[in-house]
Amino acid sequence: MSVKVNVKNGIAEVTLAHPPVNALDSAGWALLAETINAVGESGDANVIVLGAEGRGFCAGVDIKELAADGSAITKVNKGCYDSFAAVYDCEIPVIAAAHGFVLGGGIGLCGAADIIIAADNATFGLPEIDRGALGAATHLMRMFPIQKVRRMLYTGESISAEEAHRFGAIESVVPKEKLHDEVMALAAKIAEKSPRALRLAKESLNGIELLDIKKSYRFEQGFTLELYPSPDSQEARNAFVEKRDAHFSDDGKNKGKK
């Protein structure tokens, strides 16, 4: 797992560089959280630009790690929670520069950020239901209206950057080749402001937000842990890794009832 950091002129670029699709294992999520926390606390920057190399922003968690050992979900859950919280609680504003696929954990990172600017090739989705898991609907709900969130969660469907912009989920959509320039221009405007004022502004905005993003996500994670030991959950992970359709038993229909 590689997380690159470059700080210049008050702007810290934190870049995911984990080919081929920036799907992070538990160690990768832990490293990302540590990196964002360290940058935010260093005082060397007034704003973070969170971006990625490769084909997409972030494809979420490494399903291969979880298919091999379902008990790793506790470490993965902690890494995701810590990473999303690091972005949300960061002392300075965080701008997400999203391109290509933004899936699962990618939604968590974007939904925790202060501002999202997307390339015109970006797509946003929560395919967790097809991977034997749940999660990050909390962060999707910071981006989309509730009915869109529910449709995306129940179906696993992704939507385009243009549709996301129409719903107000992202600040703007720009051509892929201009994404970095657009994000850096906005970051430069923010970076020149008073360091003290920016930090107080971030703290105040988090304080007045109606949705308690960390408590809400922790509540969600409990259901992921409940789902993970089930045969259906393991079958979903196996099917994804083996590149085949999943076959679920009828026994799972009533298992969620008390």
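Where is the place of Pro20? Pro20 lies in the loop between β2 (11-16) and β3 (23-24).

## About the model

This is a predicted model: local features need pLDDT of at least 70, side-chain atom pairs count only at pLDDT 80 or more, and totals for chains, interfaces and linings use all residues. Residues are numbered from 1 along each chain as its sequence is written, and side-chain values use heavy atoms, with hydrogens and water left out.

## Overall build

The protein has 11 helices and 11 strands. Here helices (H or I, at least four residues) and strands (E, at least two) are DSSP runs, numbered from the N terminus. The radius of gyration is 18 Å, close to the 18 Å that the globule rule gives for 258 residues, so the protein is as compact as a globular protein of that length. That radius is taken over C-alpha atoms, and the globule rule is 2.2 Å times the number of residues to the power 0.38. Along the principal axes, the C-alpha trace spans about 60 × 35 × 35 Å.

Of the 258 residues, 48% count as buried. Buried means under 20% relative accessible area, exposed over 50%, and partly exposed in between (1.4 Å probe, protein chains only). Take the contacts (heavy atoms within 4.5 Å). Among those with a separation of 6 or more, 73% come from residues 24 or more positions apart. The protein exposes about 12,600 Å², and carbon and sulfur atoms supply 53% of this area. Accessible areas come from the Shrake-Rupley method with a 1.4 Å probe; for residues, only the protein chains shown count as cover.

## Backbone details in the loops

Back to Pro20. The peptide bond from Pro19 to Pro20 is cis, with omega near 5°.

Asn9 is not a glycine, yet its phi is positive, at about 55°. Asn9 sits in the loop between β1 (3-8) and β2. Asn9 is exposed, with a relative accessible area of 66%. Ala136 also has a positive phi, near 75°, in a residue other than glycine. Its loop runs between β9 (123-125) and α5 (137-141). Ala136 is buried, with a relative accessible area of 3%.

## The largest pocket

Rolling a probe the size of a water molecule over the atoms shows where empty space is left. The search uses a 1 Å grid over the protein atoms alone: a cavity is a set of points where a 1.4 Å probe fits but cannot get out, and a pocket is an open set with protein on both sides within 12 Å along at least five of seven lines. Lining residues have an atom within 4 Å of a point. Grid points are joined across faces, edges and corners, and a volume is the space filled by probe spheres set on the points.

The largest pocket has a volume of about 640 Å³. It is lined by 36 residues, and the closest to its centre are Ala59, Gly60, Val61, Asp62 and Ile63. Elements giving two or more residues to this lining are β5 (60-61), α2 (63-68), α3, β7 (101-103), α10 and α11 (231-242). α3 gives the most, with 5 residues. By class, the lining has 22 nonpolar, 9 polar and 5 charged residues. Ala, Val, Leu, Ile, Met, Phe, Trp, Tyr, Cys and Pro count as nonpolar, Asp, Glu, Lys and Arg as charged, and the others, Gly among them, as polar.

## The cavity

The whole structure holds 1 cavity of 30 Å³ or more. The largest cavity has a volume of about 50 Å³. Its lining is Tyr81, Phe84, Ala85, Tyr88, His139, Ile213, Lys214 and Tyr217. α3 (73-89) and α10 (213-227) are the elements that give two or more residues to this lining. α3 gives the most, with 4 residues. The lining has 6 nonpolar, 1 polar and 1 charged residues.
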